[in-house]
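Reader: I've got this one open on my screen. Could you walk me through it with a few quick questions and answers?

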Amino acid sequence: MQIKLAKTAGFCFGVDRAVNMLYELVEKGEKVCTLGPIIHNQQLVDDLKGRGVKTIDTPAECEEGYGIVVRTHGVEKSVIAEIESAEIPYTDATCPFVKKIHRIVGAQPEGTVTLIAGDENHPEVKGICSYCRGESFVFSCEEELEKIISSEKIEPSKSVICVSQTTFSMKEWKKCKKIFKKVYTNCEIFDTICSATADRQEEARTLSQECDAMIVIGGRHSSNTVKLKNVCAENAPAFLIETADELSQIDLSPYEVVGVTAGASTPSVIIKEVLKTMSEEILEKEVEAAEEVAETAEVVDHAEEAAVDASADGETTFAEMLEESFSDNDTSKVVKGIVVNITPSEVFVDVPGRKQTGVISSEDLSSEPFDKCEDVVSIGDELDLIIMKTDDQDGVLKLSKKLTDAFKSWDDIVAAKEAGDVLEGTVAAVIRGGVLVAVKGTRVFVPASLTGVPRNQELDILKGATVRFRVIDVNNARRRAVGSIKAVVVEERKAAEEAAWNRLEEGMVIEGTVKSLTSYGAFVDIGGIDGMIHISELSWTRIKHPSEVVKVGDQVEVTVKALDAENKKISLGFKKIEDNPWEILKRDYPVGTVVENAKVVGLAAFGAFANVIPGIDGLIHISQISWDRIKTPADVLNIGDEVKVKITEVDFDKKRVSLSMKELIEKPEERIEALAYDGEAAEAVAEEAPAEEAPAEEATEE
């Protein structure tokens with residue numbers, strides 16, 4: 001079973017404020033009493049009672065020498081007046097959001113009708129009613145609102161406003177608002193549902209859609225807790241509990257995913273206790289289920305059961321077994337055998353004092369995976385063995401080495417658990433609820449939740465793998481052990497993180513592997529610790545997503561830009577200085593350079609922006625576009641046009657580039673002067689022509 005905890009479970013701002021105020025008064029040694037329970041949580045109220053805090057119903061019940069703390073829900077206006085007239089010292093712990101409603105309704109003109117969405121018997125609603133300047137009507141749902149409307153108790157000429165209890169159902173409020181707008185067109189609606197309440201309800205709704213069942217923790221008299229349960233119940237079975245003890249009354253076994261949320265008046269200590277209890281029950285059930293499957297499916301083979309029979313008390317050591325004679329029963333007797341022959345499927349041994357041939361099948365040779373029997377034993381080896389079966393007809397002793405290995409190693413397993421040692425073994429089988437790890441001849445069960453494999457992946461990926469784990473529980477009577485691979489993985493990762501933090505320095509260049517991508521950057525594993533390359537650090541040019549530059553699995557060289565040891569955050573840089581377009585511009589594009597195909601990327605009233613090189617746009621001021629006077633750059637240019645420009649100025653500090661088109665175009669005056677000069681030159685040439693050419697002209701004329 002998977003447990004999902006809502007992010008905003010527990011005390012809201014108002015409750016936290018009130019509880020802290022009360023505990024501060026108690027710690028100062030002041031005698032206090034509360035008008036009604038400070039919050040709707042019996043466990044916290046009982047704790048305060050044990051500290052001397054009294055709960056009273058009216059100010060008149062306040063004993064001399066005591067002060068009064070007004071609860072989070074607030075009280076009626078007349079109660080405050082009574083306290084003040086009796087000159088009783090008091091602390092107002094009313095939630096600020098409730099006080100805001102008091103101010104809203106109290107600021108209305110005399111005679112204003114107030115519609116209040118909420119529970120008319122709730123102290124918060126009673127308090128709101130007392131501050132109204134005219135008639136007030138309370139409704140808990142759209143049906144009750146329609147009854148108020150149809151009764152015609154509200155005169156059309158009167159001003160109408162509407163507020164809600166801070167913990168009112170957001171879903172119901174939306175329905176009622178539609179009715180207000182239809183019926184009372186001039187009604188002023190104030191959205192006074194506490195944002196924390198609205199967020200909790202929405203989160204509970206979403207979470208319940210993802211889960212098979214919901215646990216809602218909180219007081220049964222708490223309005224917001226009851227509403228949370230109702231919200232959850234729309235999508236999944238919902239169970240309201242006040243303490244962890246009540247979990248025993250609920251059967252959660254049919255559900256794979258269970259969500260947990262809590263009301264705004266539920267202390268965090270109770271939430272933690274519920275989660276702890278649920279986790280312990282899950283582990284216990286996983287172990288029981290796995291043991292049951294292992295026995296039923298004979299995953300733990302018959303030899304192990306024979307071993308249990310041979311050591312009925314579950315505490316017998318191998319040495320004690322060896323000394324026993326088993327005079328009345330040959331089966332399960334410990335003997336010594338010498339290997340005399342090895343075949344692919346069996347090992348033959350000579351058992352001194354026995355006439356039968358000793359045979360160890362490959363299944364009984366070792367619990368560790370192996371390819372050939374020769375990989376486990378050699379001819380001449382002396383082995384401690386247990387007789388599994390005596391077959392006089394065939395003259396064969398069926399023996400087990402695997403079983404003696406298990407007995408020898410059990411004490412090591414127990415010692416490893418007590419010492420907290422890390423063991424190494426091979427995943428021999430995948431069963432319902434987890435895996436079995438073979439180590440030192442014993443199989444240790446590791447629940448799925450402690451394998452370290454994500455829930456969306458199959459456990460089969462571990463089969464045959466060598467894993468490191470800790471033994472977290474042993475059952476000597478049944479010779480069962482439970483281990484955790486995840487515990488070692490977490491410890492090793494933590495150690496790697498500490499080592500990484502010790503070696504990292506700002507400015508260091510290091511190799512890493514891209515682990516994951518988000519819309520805002522890439523996370524990189526830099527040797528036991530993750531750092532993030534912000535999207536702005538991935539490229540000198542603007543990109544929409546990190547996948548445009550890197551992908552998961554890429555080996556990258558990064559620079560440590562910043563280390564935040566307190567929050568365990570590392571900022572990484574990926575851009576190379578030599579790839580900085582401004583460095584490229586400085587090196588290859590000095591002032592005066594002509595760019596043949598600068599692409600127009602933007603137009604403004606004062607000019608056009610053109611891309612000089614990737615990552616740098618320059619401004620062609622309107623005065624630098626043409627020698628002719630133009631009203632707007634759009635009269636001459638379009639986005640996407642490729643133009644010839646000259647770099648006229650670069651401000652590297654402000655990252656600005658000035659461009660000119662007209663400097664590459666001949667001035668109109670100069671063109672006219674050039675044409676005039678060409679004409680005058682032609683005339684001068686004609687005048688200076690040689691005289692002897694004249695006859696030829698005359699001859700031509702003739």
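Reader: What percentage of the 702 residues counts as buried?
Author: First, the ground rules: this is a predicted model, where local features need pLDDT of at least 70, side-chain atom pairs count only at pLDDT 80 or more, and totals for chains, interfaces and linings use all residues. Residues are numbered from 1 along each chain as its sequence is written, and side-chain values use heavy atoms, with hydrogens and water left out. Buried means under 20% relative accessible area, exposed over 50%, and partly exposed in between, with a 1.4 Å probe and protein chains only. On that scale, the buried share of the 702 residues is 44%.

Reader: How many residues are in the largest nonpolar core?
Author: A nonpolar core is a set of buried Ala, Val, Leu, Ile, Met, Phe, Trp, Tyr and Cys residues joined through side-chain atoms within 4.5 Å. In the largest one, L35, C62, I68, I83, V105, I116 and V163 have the most contacts, and the residue total is 24.

Reader: Which residues does L35 touch, leaving out those up to four places away in sequence?
Author: Contact here means heavy atoms within 4.5 Å. With that cut-off, L35 touches I56, D57, T58, P59, I68, V69, R71, V75, V79 and I83.

Reader: How far apart in space are V422 and R468, C-alpha to C-alpha?
Author: V422 sits in strand 18, residues 422-431 (strands are DSSP E runs of at least two residues, helices H or I runs of at least four, numbered from the N terminus). Its relative accessibility is 31%, so V422 counts as partly exposed. V422 touches R468, along with F469, R470 and V488. Although V422 and R468 are 46 residues apart in sequence, their C-alpha distance is 6.5 Å.

Reader: Is the F239 and Y255 pair stacked, edge-to-face or tilted?
Author: Rings of Phe, Tyr and Trp (its six-membered ring) pair if their centres lie within 6.5 Å; planes under 30 degrees apart count as stacked, over 60 as edge-to-face and the rest as tilted. For F239 and Y255, the centres are 6.4 Å apart and the planes make 55 degrees, so by those cut-offs the pair is tilted.

Reader: Why does the Y520 and F523 pair get its label?
Author: Y520 is partly exposed at 42% relative accessibility, and F523 is partly exposed at 25%. Their ring centres are 6.4 Å apart and the planes stand at 85 degrees, so the pair is edge-to-face.
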